[in-house]
Amino acid sequence: MKLLFVHQNFPGQFRHLAAAFAGADDVQVVAIGEHANVAALPLPPRIERLSYTPARTPAQGVHPYLRNVEAAVLRGQAVARKAMELRQRGFVPDLICVHAAWGEGLYLRDIVPASRILAYLEFYYRATGSDVGFDPEFPASLDDQLRIRTWNMTQQSTYFAVDWGLSPTGWQAGTYPAEMQQRLSVIHDGVDTRRLVPDAHARFTLADGRQLGAGDEVVTFVSRGLEPYRGFHVFMRALPELMRHRPAAQIVVVGADKPSYGRAPSDAANWREKLLAEVGERIDASRLHFTGKLPYSALVSLLQLSRAHVYLSYPFVLSWSMLEAMAVGAPIAASATAPVTEVIEHEVNGLLFDFFDQDALVASLCRLLDDRELRAALSATARRQVVERYDLASVCLPAQARLIQDLLRTGRGTAAP
């Protein structure tokens with residue numbers, strides 16, 4: 001069998017799936033990703049990597065609504081050229097897995113019409129009811145709404161040129177129009193719960209050389225980019241009151257200064273500097289630690305010793321880090337937003353609070369930090385449910401493999417539950 005994975009930032013959501021198929025003797029796996037993102041990434045053995053570079057950037061003067069669309073067309077063309085190169089040397093994939101958001105799958109049907117194509121449908125942009133306009137601090141304009149509608153052109157065109165779609169959570173699948181949900185399965189990317197396990201002896205070294213361990217009162221916050229989309233502003237504004245109540249707490253914040261989804265502030269270099277300027281005089285800076293990005297092993301160790309982990313999110317895509325924290329037993333205090341509530345049940349496997357309620361955030365953290373029995377109960381249930389519902393080896397990979405086999409055999413998968 002010949003499989004082709006296409007992802008701007010390969011391996012991305014295909015990291016486990018591609019590696020699993022690459023380990024089979026009768027499967028040939030090729031991956032295509034954008035050169036700027038994947039050129040230096042280590043890959044699992046037996047995966048051939050090809051990188052593409054768009055012919056140019058979007059033209060100056062193009063309508064602002066269409067900049068993302070033109071960028072998608074340019075990526076689609078570049079990927080089409082790579083697919084033609086593969087076809088010319090005899091590699092015609094039985095199945096193509098492609099992320100639908102960036103245009104890479106726009107023209108694959110035209111290059112290899114006999115191949116089955118599975119599109120990863122992560123999130124459908126909406127002007128209301130999800131991330132845009134959710135936060136009253138950043139209201140959406142009519143211009144924003146019209147621009148967002150235009151952005152969906154790429155996913156819509158891709159969807160009607162593929163055989164089936166795949167989405168990681170029910171809520172994310174539900175952001176797509178009903179017509180598109182008819183050919184869409186819900187299977188999470190998976191959590192490696194064999195690697196991600198509780199460890200009472202975990203240690204984490206701060207930048208100043210101090211080591212944190214299970215005996216320390218550690219509160220963690222993790223986000224790929226420190227930005228409002230992941231509630232960084234809410235968390236930072238809650239810190240003065242949290243630190244007042246918890247004089248021994250060490251607050252560790254993981255994430256890059258560059259936003260991943262939203263915009264940078266207009267009046268500061270980044271959201272970290274902006275929020276520190278706002279609350280800095282009211283917090284104990286010696287107990288607040290910004291790590292930037294961390295090696296994965298260090299992140300896991302930090303989550304293993306966390307006594308209370310904060311996860312906030314607009315109604316948007318669910319972060320891997322929340323499920324990973326649950327897998328290692330970090331007690332969770334999370335915002336009651338979708339799709340978080342698809343996973344977290346209040347007082348069963350975590351504590352939920354209103355995204356904007358800083359007092360409730362502080363109260364939830366203090367409750368976790370004060371109550372060892374509550375922490376233990378929530379952590380045990382959280383890990384058990386992640387193993388039962390999201391385990392990579394026993395749940396998600398087998399479901400993804402069945403979906404692929406169904407597609408190869410019939411051209412259809414199983415619709416979302």
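I call two axes roughly parallel at angles under 35 degrees, roughly antiparallel over 145, roughly perpendicular from 65 to 115, and oblique for the rest. The model is predicted, and I took local features only at pLDDT of at least 70 and side-chain atom pairs only at pLDDT 80 or more, while totals for chains, interfaces and linings use all residues. Residues are numbered from 1 along each chain as its sequence is written, and side-chain values use heavy atoms, with hydrogens and water left out.

**Helix packing.** I looked up helix 9 (residues 232-245) and helix 13 (residues 358-370), which pack at an angle of about 50 degrees with their axes 9 Å apart; the two helices are therefore oblique to each other. Helices here are DSSP runs (H or I, at least four residues), numbered from the N terminus, and axes are lines fitted to C-alpha atoms over the stretch in contact, with angles running from 0 to 180 degrees between N-to-C directions. For the contacts (heavy atoms within 4.5 Å), I noted V234, F235, R237, A238, E241, L242 and H245 in helix 9, which meet Q358, L361, V362, L365 and C366 in helix 13.

**Aromatic rings.** I paired rings of Phe, Tyr and Trp (its six-membered ring) if their centres lie within 6.5 Å, with planes under 30 degrees apart stacked, over 60 edge-to-face and the rest tilted. By this rule I count 21 aromatic pairs. Among them, F355 and F356 are edge-to-face, at 4.9 Å centre to centre and 75 degrees between the planes. Both belong to one aromatic cluster, whose members include W151, W171 and Y229.
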